[in-house]
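Open the model in your viewer and keep the selection tool ready. This tour goes stop by stop.

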Amino acid sequence: MVAEDTSRTHDVVIVGGGHNALVAAAYLARAGRSVIVLERLDHVGGAAVSERPWAGVDARLSRYSYLVSLLPRRIIDELGLRIELRRRRYASYTPDPADPSRGILVDTADAAATAASFARVLGDAGEADRFSAFYDRIGPVAKVLFPSMTEPLRRRAELRRALGDDRLWDDVFERPLGHVLRASLESDIARGIALTDGLIGTFASSDDETLAQNRCFVYHVIGGGTGDWDVPVGGMGRVTGELERAARDAGATLRTSAEVASIDPDGVVTLADGTRVHGRLVLSGVGPAVLDRLLAAGGSASVSSGPTESDRPEGAQIKINMLLTRLPRLRDASVDPAAAFAGTFHINETMTQLDDAYARASSGDVPEPLPAEIYCHSLTDPSILGPELRAAGAQTLTLFGLHVPHRLVQRREPDAARRDLLEAAQRSLDSVLAEPVADCVYVGPDGEPCIEARTTADLEESLGMIGGDIFHGPLSWPWAGDDEDLSTPAQRWGVATAHERVLVCGSGSRRGGAVSGLGGHSAAMAALEMLGG
């Protein structure tokens, strides 16, 4: 016998309890709408959570998502979120792969020191000026695009006019990113530092004609109108915790351990235990591929039974979390490790290395060396460590490896894939250190080293992200086409599906991706228009 939800029909049923779902729930409940969130796991937050990966170790890490850039101050203020985001003084440190005894340290508080660092590595003080000029030139893109992210979609032509620089528009939005990087910068290493912003979770070369790398680059350089990536004090779990509080305080119902089995386009959501929950609207916080599957299970004839192999989402990263007894020594004696690891520490990420890694992975091999970047949360925010660990000088390290498409993991047994990628990442990191990182890894009470690798397969299994794709599918340009139909609220806000009463509220929405809350905000605004409030 099928159970019916005992409450009245809800205005909105939200499937999935990630951070975007919580944003939508908070906005809708604050507007007086009845909202229920259904989350498969025993906690909300999705990938934006803090966890203790090692038993008996008082270290609470941002296990998946780890930095914040795209979360608008408007959402923070309107929802009354009590969170602190700290700006990092050092933007990046990049050892020269050809000679790791020297490296480029970009110090946002000391332009002269940054210039001296470029000159020491390249023998050319002018590259620092070219690097700065490149980002100054990109700056207007952020100033024009970022404020539009919390508004209804603007037309492409309108934004191009607002930018007022056709050459810049063409360089960023019309031609592969590699073109403007080669025209703007002269060194392989500086080009690589810039190119990495286009490759986070994105499998593409610098000259990819699909412009996937350009879209990723745009999202990484517009955050906050400046492109800065900030550290959430208390870890990513603090952000989710505040969103959960805001949603509950506004009156939203959050139900965990509630796995959804199907969605009927008419607004009936059926749980795995047979319970049916009714909503005037359904918002999907899960990826579009998962939504298709749930709609097909609900009897919708307008979707397939799931994505085909050719259009299946595919992540392209390996994430490694570490707890260290201390920061490792660098080969570069001129740079303090506390400065090098405080920002983004680039490892084997020259433009040539990145493109070579892409080619190697495309042929079915794990890149060697594996391009990766590291940052140390605890240098900016030591609160994630317990008092004893802080007193002992322990530090966290987060490594994000690039160009590891899900297909490489699928071809291996899960444990073997995890081991192989961890070893590749350690080899890459060790190549620029004065000592093996393993010598610095903290050992837990159980005698095991405090290091864990999370592959795309782990994300698919634990978080339901198809293919381990952190963006729920290819990123889209954050605007509407000039001839696109924007006659409905869902279309105007970039959250429409094939079904009038089903909206996308997660990273798969038009302006979704990263920890931004934008998918949730857009869906809530569209829903309020549709519900008459």
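How many disulfides does a search of the whole structure find? It finds zero; a disulfide here is a pair of cysteine sulfur atoms within 2.5 Å. This is a predicted model, where local features need pLDDT of at least 70 and side-chain atom pairs count only at pLDDT 80 or more, while totals for chains, interfaces and linings use all residues. Residues are numbered from 1 along each chain as its sequence is written, and side-chain values use heavy atoms, with hydrogens and water left out.

Stop 1: Select Cys440. Cys440 is in no disulfide, and the nearest cysteine sulfur, that of Cys376, is 12 Å away. Is Cys440 buried or exposed? Cys440 is buried, because its relative accessible area is 0%. Buried means under 20% relative accessible area, exposed over 50%, and partly exposed in between, using a 1.4 Å probe and protein chains only.

**Stop 2: the rings.** The structure holds 14 aromatic pairs. Rings of Phe, Tyr and Trp (its six-membered ring) pair if their centres lie within 6.5 Å; planes under 30 degrees apart count as stacked, over 60 as edge-to-face and the rest as tilted. Select Phe134 and Phe217. Their ring centres are 6.3 Å apart and their planes stand at 45 degrees, so this pair is tilted. Phe134 lies in helix α4 (residues 126-145) and Phe217 in helix α9 (residues 212-222), so the pair ties together parts that are 83 residues apart in sequence. Helices (H or I, at least four residues) and strands (E, at least two) are DSSP runs, numbered from the N terminus. Phe134 is buried at 3% relative accessibility, and Phe217 is buried at 1%.

Next, select Phe341 and Phe345. Their ring centres are 4.6 Å apart with planes at 15 degrees, so the pair is stacked. Phe341 is buried at 0%, and Phe345 is buried at 0%.

**Stop 3: a charge over a ring.** Select Arg215 and Trp477. The charged end of Arg215 sits over the ring of Trp477, 5.8 Å from its centre. The rule asks for NZ of Lys or CZ of Arg within 6 Å of the ring centre and within 35 degrees of the ring normal.

**Stop 4: helix α1.** Select residues 19-30. Eleven of the twelve residues of α1 are buried, including His19, Leu22 and Tyr27. After α1 comes Gly32, whose phi is positive, near 90 degrees.

Technical notes: The expected span of a helix is 1.5 Å times one less than its number of residues.
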